[in-house]
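Load the model in your viewer and keep the selection panel open. The stops below are given in the order in which to select them.

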Amino acid sequence: MSNNISRRNFLRLSALGTSALMLPSAANALEAPLFAPAKGKKGNANDKINIGFIGLGQQAINLMNGFITIPEVRIVAGADIYDIKRDRFEQRVNKYYSDHKIKNKFTMYVRYEELLARPDIDAVVIATPDHQHALMAIAACKAKKDIYLEKPLTFTIYEGQQLVKAVRENNIILQVGSMQRSSAEFIHAANVVREGRLGKISLMKAYVGEGPKPYTLPKQEVPAGLDWDLWLGPLDEKFYYNHELNPLIKEDGNDECWGAWRWYQGMGGGFTTDWGAHMFDIAQWCIGKDGSGPSEILPPSVSPYDCLTFRYDNGIEVAQMDFGHGQAVKVYGENGWIIVGRGKFLASSPEFMPNKVDEQKVYETNVPHYQSFIDSIRSRRDPSVPVEIGHSSCTMCTLGNIAYELNRPLEWNPIVQKFMNDVEANSKLHYEYRKPYSLD
């Protein structure tokens, strides 16, 4: 593959409102940032990076367990609309600093806007349900806070477009929580493909699971201490409370389950966005389609593989197909194949294998991925997964769900980020927010 940005990619990056640069050599291409925001605060390596957490559920606990171990980081604030989660998070943060004899003042909020208003907070970690990502992240951009944002980047494609603009207009560092990009087996897989060792690629299988389903859980009484109206945010009030959406806390400190909002249409994107933001992300990374996307999306009813399928302008197809290895990616080339998953790497030939695969890695506490964010705050250069990459990966996932819903082939233009001659499909790029919520 060429290491130079083509004219088409130059136009694509320009359309995103960014400046296109020459890609580095293949040996460094996977770690070098595409963009370099203007220099800003926190250039002194002796300063501590003060971080506030927004959304304090199970994923925030995992993220906190990683960030809090970085010596230059101080977690100084948190915000959540559920008192049980606020209490649990605060206790764990305070216990860590007390046990390690580190002086730290931690403050808790119900409304994230109060946290963003603090001038001493340098960055925020956003780990809320997907439908709140864009509102909170754009507000953080306007407050000049750098952002670690959980995947998928946004709930709708339009939200992603607006977040890209907000990040670049405000010179914000944004790292997407696609931690697989900081893991050795996935880096090796991308290198094998991008360096052309498999030869020409024609097909990839990326298994993530099915799309969202209608919301059918029974209506329940909202528990004391949970502000359900704030949880809904821009969503329609028809989405009534059920405890599986925002799980209760067990005495051992673990949630009953991951928030089930992610499985239901209108609140989440099902496995398509939940795992697609990981595995589809790796697929696009491997074939050099970061910041771009497929040109055609086929639902299972018309796919040659009887599953959701994406086609790219270079002829490569990505099929959402279970090939017997759980959530993973299989890449077929003219010289052989590779399979990569969490703690897993298989290949048709030993020459494609990495030196070692760490089968015991805990992905939810991936300190190197978080360190990339902290290093970028210092340098004011993009981290390993900047906003444009998060947006293109999230867009691929959402395109899949739109194809599921409409159940017909769709033509997508990744440069202008619209469906071709399809008013109905383009109407799915966003939804009407509940008043008074707005991205403006």
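A residue counts as buried when its relative accessible area is under 20%. Keep that cut-off for the first stop, and note that the model is predicted.

Select W231: its relative accessible area is 4%, so W231 is buried.

Now show ring pairs across the model. The whole structure holds 19 aromatic pairs. One of them is W228 with W231: the ring centres are 4.4 Å apart and the planes lie at 10 degrees, and planes under 30 degrees apart count as stacked, so this pair is stacked.

Next, select F53, F67, F89, F106, Y148, Y370 and F373 together; these residues form one aromatic cluster.

Which charged end sits over the ring of W261? Select R262: its charged end is over that ring, 4.4 Å from the centre. Then go to W337, where the charged end of K330 sits over the ring at 4.6 Å from its centre.

For the last stop, display helix 7 (residues 184–194) and helix 10 (residues 276–286). Their axes come within 8 Å and cross at roughly 35 degrees. On helix 7, pick F186, I187, A189, A190, V193 and R194; on helix 10, pick M279, I282, W285 and C286, and the contact between the two helices is on display. Coloured by class, this contact shows nine nonpolar residues, one charged residue and no polar ones.

Technical notes: Residues numbered from 1 in each chain as written. Predicted model: local features only at pLDDT ≥ 70, side-chain atom pairs only at ≥ 80, totals over all residues. Heavy atoms only, no water. Axes fitted to C-alpha atoms, helices over the stretch in contact; angles between N-to-C directions. Helix = DSSP H or I, 4+ residues; strand = E, 2+ residues; numbered from the N terminus. Contact = heavy atoms within 4.5 Å. Nonpolar A, V, L, I, M, F, W, Y, C, P; charged D, E, K, R; others polar. Phe/Tyr/Trp six-rings, centres within 6.5 Å; stacked < 30°, edge-to-face > 60°. Buried < 20%, exposed > 50% of the residue type's maximum accessible area, 1.4 Å probe, protein only. Lys NZ or Arg CZ within 6 Å of the ring centre and 35° of its normal.
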